[in-house]
Amino acid sequence: MAEKAQKLSTFIWEGKDRKGNKTKGEVSGTNLAIVKAQLRKQGIMPGKVKKKPKPLFGGSKKVSPFDIAMLTRQLATMMKAGVPLVQSFDIVADGLDHKGLQELVIAIRNDVAAGTSFAGALRKHPKHFDDLYCNLVDSGERAGALEQMLDRVAAYLEKTEGLKKKVKKAMTYPIAVVVVALIVTAILLVKVVPQFESLFQGFGADLPVFTQMVVHLSEWMQSYWFIVLLGIVSVVFLFKESVRRSQKFSDMVDKIILKIPVMGEIIDKSAVAKFGRVLSTTFAAGVPLVDALDSVAGATGNAVYRDAVNQVKNEVSSGTQLQAAMRQTDVFPVMAVQLTAIGEESGNLDEMLSKVADHYEGVVDDMVDNLTALMEPMIMSVLGVLVGGLIIAMYLPIFQMGQVVGG
């Protein structure tokens with residue numbers, strides 16, 4: 001009940017100011033009586049006050065990992081400025097437009113205010129805060145350095161989310177090109193080619209082989225376009241479900257992805273960057289190396305690197321040096337292994353792992369930019385071949401007829 005009483009709601013109010021002028025607005029509060037008291041303190045005589053109705057469709061917006069990164073940065077800034085944790089939650093929640101995120105912040109704030117530890121309150125929301133996040137916050141609370149830990153976690157989330165965005169951009173761009181090319185081709189086959197077909201019927205002569213192929217393809221598309229569309233949707237759906245439900249299939253897809261030219265290299269380098277970033281953050285937070293490697297295994301985002309990190313963890317547990325264990329996997333790049341070796345020898349492992357992350361994040365950034373530049377002429381080539389090929393097929397009979405007439 002205490003938790004429910006603390007929940008903030010938005011109220012719509014109408015009233016009169018000190019001069020007797022009618023005014024209205026919105027205000028946040030825990031209940032009707034408190035809202036009316038707040039308005040009176042501001043010199044407003046409240047008339048009509050009611051809870052703002054929830055939207056009919058949509059409800060709370062989904063909280064994204066980027067939202068969590070932004071929230072962590074705001075809390076870190078507040079705490080570094082000396083604002084107490086509970087008050088930091090109040091200030092952050094008050095300035096949020098995202099309803100779903102605001103509800104999440106208020107729920108955590110209520111748990112902390114009721115005496116739950118910050119890490120304990122976060123663990124009640126595993127959908128938004130993973131074990132790595134909760135363990136780092138727990139380490140910060142135990143060490144009495146929560147503001148520094150939040151700052152470190154915020155930096156880690158910002159870097160990893162930025163990296164994910166770049167990889168997503170690299171993967172989305174070529175897929176979008178293929179989809180657009182297929183849609184344009186389908187429209188031409190279903191809508192444009194039939195117009196030429198009716199024109200060709202009046203020629204009374206045999207059509208060129210290329211034109212006949214396009215006409216037959218157009219007729220097939222007109223008859224079976226719905227089956228084709230249904231087939232594409234079914235294949236995409238079955239692929240996604242297989243990846244989600246079958247660990248073996250998902251691992252196989254991860255291995256194949258790494259072998260794709262350019263795209264595979266981007267994902268490979270991003271996995272190394274994530275390895276360096278997560279291990280650097282956890283190790284610097286005072287988490288033992290073997291436990292830190294546990295967190296890293298699931299954070300690399302690829303089954304090949306997950307298995308490699310688990311192998312490294314087993315080797316390190318039996319007394320092998322980190323750099324030697326990494327070299328034995330034959331997965332990690334030479335530079336990553338060498339920088340790790342320097343870090344172990346100098347006693348600055350977390351700093352060197354951070355440099356590994358910085359280097360490979362930069363490599364991914366450059367590769368994505370280069371891919372974008374490379375894709376532009378490829379788009380023109382693909383569209384040119386598909387659309388140009390269809391146009392040539394349609395105009396070939398007209399050219400031939402012109403030659404016959406001219407002859």
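I started with Trp220, which comes out partly exposed at a relative accessible area of 44%. This is a predicted model, so I kept in mind that local features need pLDDT of at least 70. Next I checked Tyr224, and it is partly exposed too, with 39%. Both residues sit in helix H9 (residues 209–245), four residues apart, about one turn of the helix. I remembered the general rule here: an α-helix has 3.6 residues a turn, so residues three or four places apart point the same way.

I then searched the whole structure for aromatic pairs and got seven. Trp220 and Tyr224 are one of these pairs, with 5.6 Å centre to centre and 45° between the planes, which makes the pair tilted.

**Tyr305 and Phe332**

How is a pair of rings described? By the distance of the centres and the angle of the planes. For Tyr305 and Phe332 I noted centres 5.6 Å apart and planes at 80°, so this pair is edge-to-face; the cut-off for that class is over 60 degrees. The pair links distant parts of the chain: Tyr305 belongs to helix H13 (residues 303–317) and Phe332 to the loop between H14 and H15, 27 residues apart.

Buried or exposed? Tyr305 is buried, at a relative accessible area of 0%. Phe332 is buried as well, at 7%, because the limit for buried is under 20%.

**Asp330**

In the loop between helix H14 (322–329) and helix H15 (334–346) I looked at Asp330. Its phi is positive, about 60°, although Asp330 is not a glycine. At 70% relative accessibility I count Asp330 as exposed.

**H12 against H13**

Back to H13, this time for its packing. Helix H12 (residues 289–299) and H13 have axes 9 Å apart and pack at an angle of about 170°. H12 and H13 are therefore roughly antiparallel to each other, since angles over 145 degrees get that label. From H12 the contact takes in Leu289, Val290, Leu293, Asp294, Val296 and Ala297, and from H13 it takes in Arg306, Val309, Asn310, Val312, Lys313, Val316 and Ser317. Sorted by class, I have eight nonpolar, two polar and three charged residues in the contact of H12 with H13.

**H9 against H10**

Then H9 again, at its contact with helix H10 (residues 247–258): the axes come within 5 Å and cross at roughly 110°. That makes H9 and H10 roughly perpendicular to each other. H9 contributes Phe239, Ser242, Val243 and Arg245, while H10 contributes Gln247, Phe249, Ser250 and Val253. The classes in the contact of H9 with H10 are four nonpolar, three polar and one charged.

I stayed with Ser242 for a moment. Ser242 lies in helix H9, and at 29% relative accessibility I put Ser242 down as partly exposed. I also took its C-alpha distance to Leu122, 120 residues apart along the chain, and got 31 Å.

**H4 and its buried side**

Which residues of helix H4 (residues 85–94) are buried? I listed Leu85, Ser88, Phe89, Val92 and Ala93. They cover an arc of only 125° around the axis, so they are on the same side of H4. I then looked up what the buried residues of H4 pack against: helix H3 (65–80), helix H5 (99–113), helix H6 (118–122) and helix H8 (146–200).

Definitions and conventions
Residues numbered from 1 in each chain as written. Predicted model: local features only at pLDDT ≥ 70, side-chain atom pairs only at ≥ 80, totals over all residues. Heavy atoms only, no water. Helix = DSSP H or I, 4+ residues; strand = E, 2+ residues; numbered from the N terminus. Buried < 20%, exposed > 50% of the residue type's maximum accessible area, 1.4 Å probe, protein only. Phe/Tyr/Trp six-rings, centres within 6.5 Å; stacked < 30°, edge-to-face > 60°. Axes fitted to C-alpha atoms, helices over the stretch in contact; angles between N-to-C directions. Parallel < 35°, antiparallel > 145°, perpendicular 65-115°, else oblique. Contact = heavy atoms within 4.5 Å. Nonpolar A, V, L, I, M, F, W, Y, C, P; charged D, E, K, R; others polar. Arc of directions from axis to C-beta.
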